Amino acid sequence: MSLRSRIITTVIGCSLITALICGTVSLIASGRNAMINAKQHLVSSGTSYQKDIDGRLAQIETTMSTLAQAVLQEIKDVDRFQSDPAYVKECTDALRDYAQAAGENTENALSYYVRYNPEFTEPTSGIFASRSSSGASFEELTPTDFSTYDKSDTEHVGWYYIPIDNGGPTWMEPYQNENTGAYMISYVVPIEKDGVTLGVVGIDIDFTQFQESINSIKVDTAGYGFLLNADNTILVHPSEEEGTALSDISAPLADFVSNAENEGQSLTYQYNGERTASFSTLKNGMKLVTTVPRSDIMASSYTLLYMILGAVIGSLIVAIILGFFIGGRISMPVRDLTEIIADTAVLNFRRNPKSARLIKLKDEIGNMARAVQQMRDKLREMVTLIDKAGLSMESNVTELHTNMAEVSDMCSNNSATSEELAAAMEEAASATETVTDAAGTVEENAKDIVTLSQEGARNSIQVKNRALSLKETTVTATERTRAMYEEVKGKTKTALKQAQAVERINELTQDIMEISSQTNLLALNASIEAARAGDAGRGFAVVATEIGSLASQTQETVSSIDTIIGEVNTAVSNMTQCLDSTMEFLDNTVLKDYNEFMHVGENYAQDAADYEQGMTQINDAVTTLVEAINNISFSIREINNTVNESATGVSDIADKTSSMVQMIQATDNFVNESKESADNLNKIVDEFNIE
């Protein structure tokens, strides 16, 4: 069986098993849920009908309660009501409208009444109105005569005495009215005030309307409802007669209904087949029972079963389709990978276009494809390397075979050459002795050069010291000149500042001239005023004349001072120009010359240092040369010894070369074997297909 068939079979099998398990569980759960839902629906349906009937009963109770309150309000004096018939009639007339309104406002009411206690009122006292049907008008009639019936006659006067004995509002059992022929049910409310029972108010309702409501109950398809009294006797039933005991139909159902704690629950019993029932207690004490056959309950379960079977079949169809699709999707990469592995098995390493798609998969097949591709790449590389190695080995073996033949010839030639080389070595030994003698002469000349270079180094030190002394002298003179320049420059600035005081004198002479002018003007005015004063002003006129003369002399003196100051200013200006020229000469010429002279001294010192360094280097070089000559002499002596030893060695080489020729012949045999191995590798590579 192929992988695809196995995958499809597995998917369909798993889907079938899953569908059967889910279907079975769903069927069981749906049957249980359907039963629970059906029972809940049964209970809720009964509760709904109960609320509808209780609503109508509650309306009747409210109406009668309102009428009872009206009676209590009208009968204000209980003692008078017990003893005064006129007061009774007055109260009755006042209540007639209330009673009529209660009857007309009550749906399906056939009669209403307000009856007084016959123990202290007339036997027919009170109000009684009746009509033949709910659509007719009420007609007030003479109330029932209590004197004609005994208290124990419940058939005729039980409607009065039973509620009083119960001590509260009472719903009477349905009964057939012999006078009207109507089937009715009564609701009676006792009236009590100040501990005295005054009577009752009541209303008779057409019970056929309740029968129609009960008979119209329909639950699901074949379900129905029926009504029981407090004694579990059937009042309304679609197929059983009224008055039939429920225990005669189904004892388990009768026991179930008898227990008030079972209200709102459900019971499965046998009645014309298997049925399920639930009951609710009405406000009047009756019990409304709703029942449905099991077929109705299971109908929804069967529908759900068919839906589940359809879903299972649909799931199987989808599973088969998905099985084919998934099987194809899963098996196709496996088939492609199997094809690649089969190519690998026959040593076919050609690139397969399906490999690129397979290695992109993110599942186990993709991992396998990537591993197979990695293996094929490694094998392809290995085959390529083996191929290259075989070709290279074959080429190398061929070349090695050729080289061995050449080496064999060369070894034969080397043997003869070695003998000639031994003779040449002997001649070289004699030549090295001549070189050794020449090296001794060169060594003595080099020692003379060392002596001269050492004397030059000492002279260079003296030159360097003189250059340094000249440099220091120049630096000292430059510093002194610069100090003198700074001192002259400072004094010049001070003199120039002092010369500026002359300008202040000019300002003072101007002030004096202005004062003299004002004094002349004042003297003139004083003379004029003295002339006006006549003889009295003559003395003042003399003073004014003297002041004017003093002012004139002051102006003449100031003019002389201006002339002198002008000459002083000219002298200061000339002195300033002279000082500026002097400072410029010191700055631009003297200091510059000293700086240049100091620079020459530095260069001279540097040259002396370079000369000293050069002589030192010459001395070092000559010393090195002497050492080298000594080394050369030693090396030549060693060469002489080596040449002598080489002559002996060359003779040995000639002997060993003969032995090498014999070894080369043995190596040629190994080369032939390697060529055979290379041929075998090429045959193996030819088995692989990597193109």
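Visitor: Which loop is Asp220 found in?

Guide: Asp220 is found in the loop between strand 8 (218-219) and strand 9 (223-228). Helices (H or I, at least four residues) and strands (E, at least two) are DSSP runs, numbered from the N terminus. Bear in mind that this is a predicted model, where local features need pLDDT of at least 70 and side-chain atom pairs count only at pLDDT 80 or more, while totals for chains, interfaces and linings use all residues. Residues are numbered from 1 along each chain as its sequence is written, and side-chain values use heavy atoms, with hydrogens and water left out.

Visitor: How many helices and strands does the protein have?

Guide: The secondary structure comes to 11 helices and 13 strands.

Visitor: Back to Asp220: what is its phi?

Guide: Phi of Asp220 is near 55°, a positive value in a residue other than glycine. Asn108, also not a glycine, has a positive phi of about 65°. You'll find Asn108 in the loop between helix 3 and strand 1 (109-116).

Visitor: Is Asn108 buried or exposed?

Guide: Buried means under 20% relative accessible area, exposed over 50%, and partly exposed in between (1.4 Å probe, protein chains only). Asn108 has a relative accessible area of 12%, so it is buried. Asp220, at 33%, is partly exposed. Across the protein, buried residues make up 34% of the 691 residues.

Visitor: How do I look for empty space inside?

Guide: Rolling a probe the size of a water molecule over the atoms shows where empty space is left. On a 1 Å grid over the protein atoms alone, a cavity is a set of points where a 1.4 Å probe fits but cannot get out; a pocket is an open set with protein on both sides within 12 Å along at least five of seven lines; and lining residues have an atom within 4 Å of a point. This structure holds 2 cavities of 30 Å³ or more.

Visitor: Which residues line the largest cavity?

Guide: Asn108 turns up again here, along with Arg56, Gln59, Ile60, Thr106, Glu107, Ile205 and Phe210. Helix 1 (residues 3-74) gives the most to that lining, with 3 residues. About 70 Å³ of space lies in the largest cavity; a volume is the space filled by probe spheres set on grid points joined across faces, edges and corners.

Visitor: And which residues line the second largest cavity?

Guide: Its lining is made of Ile53, Leu57, Ile185, Phe207, Phe210, Leu227, Leu282, Asn284 and Met286. Helix 1 and helix 5 (207-215) are the elements that give two or more residues to it. The cavity holds about 30 Å³ of space.

Visitor: Where does Asn284 lie?

Guide: Look in the loop between strand 12 (274-281) and strand 13 (287-293). Asn284 counts as buried because its relative accessibility is 14%. Contact means heavy atoms within 4.5 Å. Leaving out residues up to four places away in sequence, Asn284 touches Leu57, Trp171 and Ile185. A polar atom of the Asn284 side chain also lies 3.1 Å from the backbone nitrogen of Met286.

Visitor: What about open space: what volume does the second largest pocket have?

Guide: That pocket has a volume of about 240 Å³. Of its 17 lining residues, Pro85, Val88, Lys89, Glu122 and Ser125 are the closest to the centre. Helix 2 (78-83) and helix 3 (85-104) are the elements giving two or more residues to the lining. Helix 3 supplies the largest share, 6 residues.

How values were computed. A polar contact is a pair of N or O atoms within 3.5 Å; within protein, one must be able to donate a hydrogen and the other to accept it, and residues adjacent in sequence count only if both atoms are side-chain atoms.
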